Amino acid sequence: MPHLNIQYTANLDALTDMGGLCNTLAATLVALRGEDGASPLFPVTGTRVMAWPAPHFAVADGKPGRAFIYLNLLITPGRSEALKKRAGDALLAAANAHLDAVFAQHAVGMTLHIDEAAPVYEGKRNNLAAHLA
């Protein structure tokens, strides 16, 4: 973890680079530091950012052109409230910067939630660290 799942109305695909948003938000997560200011807040090899468009949607009054983006960050327990707030603020700032032009021209709603959950089972196979060198 962290896993950032993004659900958005498919009309945003024509208005912004969603792959670029994923890359920006992944870089934001990787750049965050823990309490000591040096160690990563989240494990780099566990960082995932994924986005899914909703082809069918109704936003607000349902008028065409309305859009919505929902960002849900799932993390494991153990970080202070201050660190979770720092992560949320950084993600929201990065998303806002990426989407400013869209917000300037279109009716858009955006929500970021951070959920903390301890897995009841966790199986892994991961060789990402070997490829990050």
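Helices (H or I, at least four residues) and strands (E, at least two) are DSSP runs, numbered from the N terminus. C22 sits in one of these elements, helix α1. This is a predicted model, where local features need pLDDT of at least 70, side-chain atom pairs count only at pLDDT 80 or more, and totals for chains, interfaces and linings use all residues. Residues are numbered from 1 along each chain as its sequence is written, and side-chain values use heavy atoms, with hydrogens and water left out.

**The whole chain**

- The chain holds 3 helices and 4 strands.
- Read from the N terminus, the order of elements is β-α-β-β-α-β-α.
- The C-alpha trace spans about 45 × 30 × 30 Å along its principal axes.
- Of the 133 residues in the chain, 32% are buried. Buried means under 20% relative accessible area, exposed means over 50%, and partly exposed lies in between (1.4 Å probe, protein chains only).
- Take the contacts between residues at least 6 apart in sequence: 82% of them join residues at least 24 apart. Contact means heavy atoms within 4.5 Å.

**Helix α1**

- Helix α1 has 14 residues. From its first C-alpha to its last it reaches 20 Å, close to the 20 Å expected at 1.5 Å a residue. The expected span is 1.5 Å times one less than the number of residues.
- The buried residues of α1 are M18, G20, L21, C22, L25, T28 and L29.
- An α-helix has 3.6 residues a turn, so residues three or four places apart point the same way.
- The cover over the buried residues of α1 includes β1 (3–9), β2 (48–54), β3 (67–75) and α2.

- C22 has a relative accessible area of 13%, so it counts as buried.
- Leaving aside neighbours within four places in sequence, C22 is in contact with I6, V49, M50 and A51.
- C22 and A51 are 29 residues apart in sequence, yet their C-alpha atoms are 7.2 Å apart in space.

**How α1 packs on α2**

- Helix α1 (residues 18–31) and helix α2 (residues 81–105) pack at an angle of about 150°, with axes 9 Å apart. Axes are lines fitted to C-alpha atoms, for helices over the stretch in contact, and angles run from 0 to 180 degrees between N-to-C directions.
- The two helices, α1 and α2, are therefore roughly antiparallel to each other. The cut-off for roughly antiparallel is an angle over 145 degrees; under 35 counts as roughly parallel, 65 to 115 as roughly perpendicular, and the rest as oblique.
- On the α1 side, G20, L21, T24, L25, T28 and L29 take part. They meet A90, L91, A94, A95, H98 and L99 in α2.
- By class, this contact of α1 with α2 has 8 nonpolar, 4 polar and no charged residues. Ala, Val, Leu, Ile, Met, Phe, Trp, Tyr, Cys and Pro count as nonpolar, Asp, Glu, Lys and Arg as charged, and the others, Gly among them, as polar.

**L92, a residue of α2**

- L92 is found in helix α2. Its relative accessible area is 34%, so L92 is partly exposed.
- Not counting residues up to four places away in sequence, L92 touches M110 and L112.
- L92 and M110 are 18 residues apart along the chain, and 9.3 Å separates their C-alpha atoms.

**Two backbone details**

- M1 and P2 are joined by a cis peptide bond, with omega about 25°. P2 lies in the segment before β1.
- A60 lies in the loop between β2 and β3. Its phi is near 55°, a positive value in a residue other than glycine. A60 counts as exposed because its relative accessibility is 77%.
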